[in-house]
Amino acid sequence: MVMPIALLEKSIDKRVSLLLKDNRVLEGKLAGFDEYMNMVLEDTEERTANQEQRRLGSVVLRGNNVVSISII
Amino acid sequence: MVMPIALLEKSIDKRVSLLLKDNRVLEGKLAGFDEYMNMVLEDTEERTANQEQRRLGSVVLRGNNVVSISII
Amino acid sequence: MVMPIALLEKSIDKRVSLLLKDNRVLEGKLAGFDEYMNMVLEDTEERTANQEQRRLGSVVLRGNNVVSISII
Amino acid sequence: MVMPIALLEKSIDKRVSLLLKDNRVLEGKLAGFDEYMNMVLEDTEERTANQEQRRLGSVVLRGNNVVSISII
Amino acid sequence: MVMPIALLEKSIDKRVSLLLKDNRVLEGKLAGFDEYMNMVLEDTEERTANQEQRRLGSVVLRGNNVVSISII
Amino acid sequence: MVMPIALLEKSIDKRVSLLLKDNRVLEGKLAGFDEYMNMVLEDTEERTANQEQRRLGSVVLRGNNVVSISII
Amino acid sequence: MVMPIALLEKSIDKRVSLLLKDNRVLEGKLAGFDEYMNMVLEDTEERTANQEQRRLGSVVLRGNNVVSISII
């Protein structure tokens with residue numbers, strides 16, 4: 001059995017894709033997270049619906065807005 | 001009586017279909033879950049409304065976005 | 001006084017109709033539930049707005065998406 | 001001072017009208033409730049916006065979908 | 001400093017106007033409340049957007065649907 | 001570091017502008033608040049989208065509907 | 001591993017960009033925060049969708065409306 005937290009720990013310093021509740025997708029290096037699944041992404045890029053990109057740098061994300069985290 | 005957690009445990013390493021609050025459907029092998037019903041799916045595919053598929057690989061899902069888990 | 005949990009316990013192995021927050025209606029045999037009102041339905045059928053049916057088999061439902069449970 | 005729980009206890013076995021978050025109105029005999037304001041209604045009828053009625057029998061309602069309870 | 005609970009206590013048996021999350025406005029005599037801000041209104045009238053009134057009598061309101069309470 | 005609670009304490013008896021989740025803006029004298037950020041405003045005025053004003057007097061606001069508090 | 005709280009502490013007295021659930025973006029100097037991610041911004045400016053700016057001065061933000069915090 002792979003616990004969700006264990007997979008996140010294995011993904012530290014790897015690039016992940018985060019889907020947020022408002023349908024935004026952020027890609028970045030997973031730098032850290034806490035027990036509420038608040039997360040820190042570095043070198044973050046936001047991909048909007050019309051395939052534009054926007055560089056966001058370091059971002060703190062509130063866990064309760066995160067839908068899913070995909071390992072890229 | 002079949003407790004929800006017991007059915008999830010029995011479904012480990014089996015393919016399941018997850019319905020999310022935003023109406024997305026993910027199919028994948030249930031690799032793990034925790035007490036908040038956060039889940040790990042492997043070999044995940046997303047099925048959108050217009051029957052397209054998208055491969056997502058390993059995905060961590062936040063439990064509070066999950067509506068239902070069907071055993072395939 | 002009939003406690004909600006007591007009525008659910010009496011309904012184990014009986015067919016129930018579940019209304020979810022997204023207006024979907026699921027009918028199935030209530031196999032179990034926990035203290036968060038997460039539920040297990042078996043031989044589940046989904047009834048959509050336009051009276052179609054879809055067989056879902058065994059389903060785990062997150063309690064916080066359940067609006068009401070009717071005993072059929 | 002009339003505590004909310006005290007008014008509910010006084011309403012046991014009386015007919016009440018429940019307004020849910022999705023604007024549905026259910027009328028029935030209040031058979032019980034718990035500390036989360038989950039409720040049991042018996043001889044329940046649903047009244048939709050266009051004044052139709054639908055008989056639902058015994059219903060368990062999740063407290064977090066209840067907006068208000070009126071004593072009829 | 002006037003604590004929210006203190007102002008509610010001072011308003012017992014006075015008429016208040018309650019704004020709910022679904023934009024409904026209820027006016028009535030505040031008969032009681034609990035620590036979740038669940039409330040009991042008596043001689044309640046609902047005022048809809050188009051200035052109609054509807055008499056509701058005694059009503060229990062779930063605190064998490066209340067936006068604000070104005071002292072009339 | 002200025003803790004959120006410390007700034008609110010410093011704002012007692014000063015006029016503040018409250019943005020609510022439903023986009024309503026209330027201006028009034030901050031009379032008090034509790035640990036859930038429930039608040040008491042006095043001499044409250046509501047400003048609607050079309051720049052109308054409505055006098056509301058003393059108002060208790062539920063913290064979970066408050067988005068932000070600006071010191072005027 | 002960079003914990004979310006650690007990145008916020010490092011950002012004290014630096015300018016940050018806050019995305020709120022209602023899509024508003026606030027820029028300001030991060031003056032403080034608490035364990036619920038309630039935040040204090042100073043010299044705050046709101047940027048609306050149509051690139052207008054509005055000066056808001058000192059603002060307390062409720063953590064549960066915050067989606068993400070970007071370090072500018």
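1. The contact between chain G and chain F draws on 20 residues of chain G and 19 residues of chain F. The model is a predicted one, and the points below concern this interface.

2. The size of an interface is often expressed as the accessible area lost when the parts come together. Here, chain G and chain F bury about 1,600 Å² between them, and carbon and sulfur atoms account for 62% of that area. On the side of chain G, the residues that lose the most area to chain F are G:Val60, G:Arg62 and G:Asn65; together they make up 38% of what that side buries.

3. Seven residue pairs are found in polar contact across the interface, both residues of each pair being at pLDDT 80 or more.

4. Which elements of chain G give two or more residues to the side that touches chain F? They are strand E2 (25-33), strand E3 (39-47) and strand E4 (53-61). E4(G) gives the most, with five residues. By residue class, the side of chain G that touches chain F comprises ten nonpolar, five polar and five charged residues.

5. E4(G) also takes part in strand pairing between the chains. Strand E5 (residues 66-71) of chain F pairs with E4(G) in the antiparallel sense, over three bridges. Within E4(G), G:Val59 is the bridge partner of F:Ser70.

Technical notes:
Residues are numbered from 1 along each chain as its sequence is written. Chains are lettered from A and ligands numbered from 1 in the order in which they are written. This is a predicted model: local features need pLDDT of at least 70, side-chain atom pairs count only at pLDDT 80 or more; totals for chains, interfaces and linings use all residues. Side-chain values use heavy atoms; hydrogens and water are left out. Contact means heavy atoms within 4.5 Å. Buried area is the accessible area (1.4 Å probe) that two parts lose on being put together, summed over both. A polar contact is a pair of N or O atoms within 3.5 Å; within protein, one must be able to donate a hydrogen and the other to accept it, and residues adjacent in sequence count only if both atoms are side-chain atoms. Helices (H or I, at least four residues) and strands (E, at least two) are DSSP runs, numbered from the N terminus. Ala, Val, Leu, Ile, Met, Phe, Trp, Tyr, Cys and Pro count as nonpolar, Asp, Glu, Lys and Arg as charged, and the others, Gly among them, as polar. Two strands pair if DSSP finds at least two bridges between them.
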